[in-house]
Amino acid sequence: MFKKHLLALVCICISPAVIANPSVPQPSNTISYNLFLIPNHTVDKTVSTISNQLKQQQLASLYSQGFLPHITLYLTEYPTNNLNSLKQQAQQLANQWHRFDLTLDHIQRTKGNWLMLDVNNTPELQRLADTAAIMAAPLRTMDPKIPTWVSHYPEKLAAFQRYGSPNVFTNFEPHITLLAQSDPHKLTQFMTNYGDQFQPVHFKALGIGIAAVNSNGQAKAVIASYSFPK
């Protein structure tokens with residue numbers, strides 16, 4: 001029932017103009033921006049601990065390379081001249097929200113040998129991600145480049161082709177990326193020694209940030225951040 005209502009919301013709020021259409025000419029000057037949830041320091045400490053555990057298996061975490069722990073709400077490509085509009089939308093959304101509690105649930109190894117720290121989805125987090133996509137999607141470019149990992153997930157490919165991002169609406173799976181594609185044997189050893197023993201950690205969502213990201217959706221610097229009212 002929830003999915004039916006959510007799909008109805010999508011159909012109402014996402015106009016045909018924001019659905020990808022390869023025939024529409026696109027500006028060449030585009031960049032990928034991540035609209036993401038900013039967690040409190042508890043997440044940074046947890047990711048730092050996992051990073052040290054990964055180091056024991058000769059795996060260099062994204063955190064150890066200077067990338068920021070974050071929870072993506074909506075990630076896609078935009079014309080560079082739409083950044084100010086994206087900032088306005090992010091600030092408006094943050095002002096409408098409030099701080100709320102979430103949980104780092106478990107560590108997951110993906111089909112493509114990435115490593116994720118999954119966040120337990122809640123109705124409030126889902127609503128925030130849905131609203132972020134609805135507000136930001138009209139600003140995006142209409143033919144963003146498809147990430148290679150999406151080919152492993154047909155349902156996410158369909159979402160990407162429609163909304164410009166694979167992890168949206170019914171496909172939203174909140175997480176923090178710990179490793180991009182990595183050595184399968186080392187990942188197996190890590191999961192046996194550490195990953196499978198991970199215990200849930202509670203934290204608080206503090207606000208919304210914007211960052212320019214690389215081809216793996218990762219960022220080292222925040223362009224703008226907007227705190228939720230307390």
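Residues are numbered from 1 along each chain as its sequence is written, and side-chain values use heavy atoms, with hydrogens and water left out. Because the model is predicted, local features need pLDDT of at least 70 and side-chain atom pairs count only at pLDDT 80 or more, while totals for chains, interfaces and linings use all residues.

I begin with the fold. The protein has 6 helices and 7 strands, where helices (H or I, at least four residues) and strands (E, at least two) are DSSP runs numbered from the N terminus. Along the sequence these follow the pattern α-β-α-β-α-β-β-α-α-β-α-β-β. Of the 230 residues, 48% count as buried; buried is under 20% relative accessible area, exposed over 50%, and partly exposed in between, with a 1.4 Å probe and protein chains only.

Next, the strand pairing around β3. Strands pair if DSSP finds at least two bridges between them. Strand β3, residues 100-109, pairs with strand β6, residues 201-212, in the antiparallel sense over 5 bridges. Within that pairing, L104 has V201 of β6 as its bridge partner. Strand β3 also pairs with β4, again antiparallel and over 5 bridges, and here Q108 stands opposite M116 in β4. Strands β3 and β4 form a hairpin with 5 residues between them. In the turn, N113 has a positive phi of about 65°.

I turn to the aromatic rings. How many aromatic pairs does a search of the whole structure find? There are 4. Rings of Phe, Tyr and Trp (its six-membered ring) pair if their centres lie within 6.5 Å; planes under 30 degrees apart count as stacked, over 60 as edge-to-face and the rest as tilted. One of the pairs is Y33 with Y78, which is tilted, at 5.9 Å centre to centre and 40° between the planes. This pair links distant parts of the chain, since Y33 belongs to strand β1 and Y78 to strand β2, 45 residues apart. Both Y33 and Y78 are buried. Another pair, Y163 with F169, is edge-to-face because the ring centres are 5.0 Å apart and the planes stand at 65°. Y163 is buried, with a relative accessible area of 12%, and F169 is buried at 4%.

There is also a charge over a ring, a term used if NZ of Lys or CZ of Arg is within 6 Å of the ring centre and within 35 degrees of the ring normal. K220 lies over the face of F67, at 4.9 Å from the ring centre.

On a 1 Å grid over the protein atoms alone, a cavity is a set of points where a 1.4 Å probe fits but cannot get out; a pocket is an open set with protein on both sides within 12 Å along at least five of seven lines; and lining residues have an atom within 4 Å of a point. Grid points are joined across faces, edges and corners, and a volume is the space filled by probe spheres set on the points.

The largest pocket has a volume of about 900 Å³. Of the 39 residues that line this pocket, the closest to its centre are L75, P147, W149, P166 and N167. The elements that give two or more residues to this lining are β2 (71-79), β4 (115-119), α5 (154-163) and β5, and the largest share, 4 residues, comes from β2. By class, this lining has 14 nonpolar, 19 polar and 6 charged residues. Here Ala, Val, Leu, Ile, Met, Phe, Trp, Tyr, Cys and Pro count as nonpolar, Asp, Glu, Lys and Arg as charged, and the others, Gly among them, as polar.

The second largest pocket holds about 170 Å³. Its lining includes F36, H41, D44, L68 and V222, and β1 (30-39) and α2 (41-56) each supply at least two residues. The classes in this lining are 7 nonpolar, 3 polar and 1 charged.

Finally, the cavities. The whole structure has 2 cavities of 30 Å³ or more.
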